[in-house]
Amino acid sequence: MYKPRITLPFLPVGPYRKDSAIRGLLDLPPSPNMAPTHSLLPTAGRPLPSAKMEARAAPSLERPRYVLVLLLLLHSTDSFYVPGVAPINFHHNDPVEIKAVKLTSSRTQLPYEYYSLPFCQPTKITYKAENLGEVLRGDRIVNTPFQVSMNMEKKCEVLCNLPNKPVTLTVEQSKLIAERIREDYYVHLIADNLPVATRLEFYSNREEEEKKKEKDVQFEHGYRLGFMDGNKFYLHNHLSFILYYHREDVEESQEPTYRVVRFEVIPQSIKLEDLKADEKSMCTLPEATGSAPQEIDPSKENQLLFTYSVHWEESDIKWASRWDTYLTMSDVQIHWFSIINSVVVVFFLSGILSMIIIRTLRKDIANYNKEDDIEDTMEESGWKLVHGDVFRPPQYPMILSSLLGSGIQLFCMILIVIFVAMLGMLSPSSRGALMTTACFLFMFMGVFGGFFAGRLYRTLKGHRWKKGAFCTATLYPGVVFGICFVLNCFIWGKHSSGAVPFPTMVALLCMWFGISLPLVYLGYYFGFRKQPYDNPVRTNQIPRQIPEQRWYMNKFVGILMAGILPFGAMFIELFFIFSAIWENQFYYLFGFLFLVFIILVVSCSQISIVMVYFQLCAEDYRWWWRTFLVSGGSAFYVLIYAIFYFVNKLDIVEFIPSLLYFGYTALMVLSFWLLTGTIGFYAAYMFVRKIYAAVKID
């Protein structure tokens, strides 16, 4: 039984070219007109329905000047190498180990171990010691019986069993393979930490005369386990590995060294009778026109041979640039214009809102501070009239400060992760690095969350700081852990590798109560001892009566209104994030993501200030909770978009995958609500303190 060993990695890094951080790289699904490079597998390319591509089809336009300005700004963010990931030099005939990672499907969202299917096994199965992120992702990296040597060709070789004794699949094994093929599972292998990819060639939208000249090449992550033709199932039992190497410059007296720079595969389905094998486990592949695929009949036993071939090619790609092939995009222009459009629209609207607020406030403050017109001032209705109640502590101050403390934790964690990833230190070559770094950063950021929560709790006249610290350390993490535990029970029931093993769960609990909880208490203690926030006006003993509010001042209407602008800032990026999470694609758009995060912070702050200003002008001083709720209104639109994405983009039909999707989506929406609500709350709090400090209060 597999027992994962969690290793705490050094700062995870990954090599890639200098311009990777500014280009925003992503491995997207292929276009509808993709065609595989081999003719034996007509379904090797995974075509998308035309509806999925309509939104991404755009005419070629010249980029405006501000695009070039942003390109130059982002280009100044250079990637660099940090010790921890070093290239491996191979000599001629040195073994290149092929390892298996997992089986994945975008239809089920349930990863499985490689040997959950009856593949050929080596004499001794050895699992790689994995970091926390790999375990949470469902990676189970294990050795395979493939024998590959540097720069040594293999035309065809039987993988396991003797040629005169093919592999016999039982009825249960045949049913399992047929089910995995029906569920569209992909197999993921790695060689020298490079994932295997299936080459797909297709014509882009060019003129007819240009189509004959050039094809576009894109790569699909992993290879398809098999394919269906009608009601019949066919298994890819022959793998043609194509490995590219780069010859390193050495002195003449030294033996030449090589580095692996690309790992491709052409999966084929070849019937047992068509594979001519000799006693030395060597085989001969049939001609493409006369071969038949290997059918898997789930109602009976099946006999087949697992075979493979190896072909080496020299490449000019250097080791530092080898991941660029996997991360290329076919629609960079569409992504650029979408991001730039969000930047321009959000900053334009934010500028207009800022001018309106500033001009209105200047007029209000000038009128309020007229000493010779005190009577008119008293007759004015506006935000000054609630100065004696605006800083009155709200209901449930402990819960509010606890949620805001968790929001500060999330904000610090996300900011650092995105910034470090933008610098190139969390590349896909460091498997699980992003998730591992995020988990540990959230734990260590507890000291900042506790500090801000403790200081705010004291400002709100709270006294039970120990209970407040415990609430801050357990409220949000407890909800996350509870939902994940329930979902994990369902994944356990499916025997999926995505289920977090019990030792890992114990380790996470130890991290929570051994690292995060003490740090939150430490920060809360110092925050509670620190001088509370200085409010510019005193609070009256008797609360002021709140007049009847108009319909548009309802908090639910405010949530809908305030959430549009921040959601519009991140709408396009949300599509790429969802594609990376739910469709097993690479995500490396951290340069764009950092820019979108800054826009999100600005838009949340602006809209929160506007909403709290309107509320105070309506003489409603209960702004503490409302500002927090309204500022997180964009989380509602994220939830609506997640439902739309589930219905229109994914092919999930079973109960447990649907439960996993909406369970994890609920955690994303909750985290996003805390993040945006915290940003808006502190922006509104600073705004309220600023405006009441600027007027003369008798």
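**The disulfides**

Modeller: Let's begin with the link of C156 and C283, which is left-handed, with -85 degrees about the S-S bond. C156 sits in strand 7 and C283 in strand 19 (residues 283-284), so this pair ties together parts that are 127 residues apart in sequence. Bear in mind that this is a predicted model. In it, the S to S distance for C156 and C283 comes out at 1.7 Å. As for accessibility, C156 has a relative accessible area of 2%, so it is buried. C283 is at 9% relative accessibility and so counts as buried as well.

That's one of two disulfides in the structure. The other joins C120 to C160, with an S to S distance of 1.8 Å. C120 is in the loop between strand 4 and strand 5 (130-131), while C160 is in the loop between strand 7 (154-158) and strand 8 (167-169). Those two cysteines are 40 residues apart, and the pair links distant parts of the chain. Its torsion about the S-S bond is about -45 degrees, so the C120 and C160 disulfide is left-handed. C120 and C160 are both buried.

Count the bonded cysteines along the chain and you get the pattern 1-3, 2-4.

Two further cysteines deserve a look for burial. C604 has a relative accessible area of 0%, so it is buried. C412, at 19%, is also buried, because the cut-off is under 20% relative accessible area.

Notes: Residues are numbered from 1 along each chain as its sequence is written. This is a predicted model: local features need pLDDT of at least 70, side-chain atom pairs count only at pLDDT 80 or more; totals for chains, interfaces and linings use all residues. Side-chain values use heavy atoms; hydrogens and water are left out. A disulfide is a pair of cysteine sulfur atoms within 2.5 Å. Helices (H or I, at least four residues) and strands (E, at least two) are DSSP runs, numbered from the N terminus. Buried means under 20% relative accessible area, exposed over 50%, partly exposed in between (1.4 Å probe, protein chains only).
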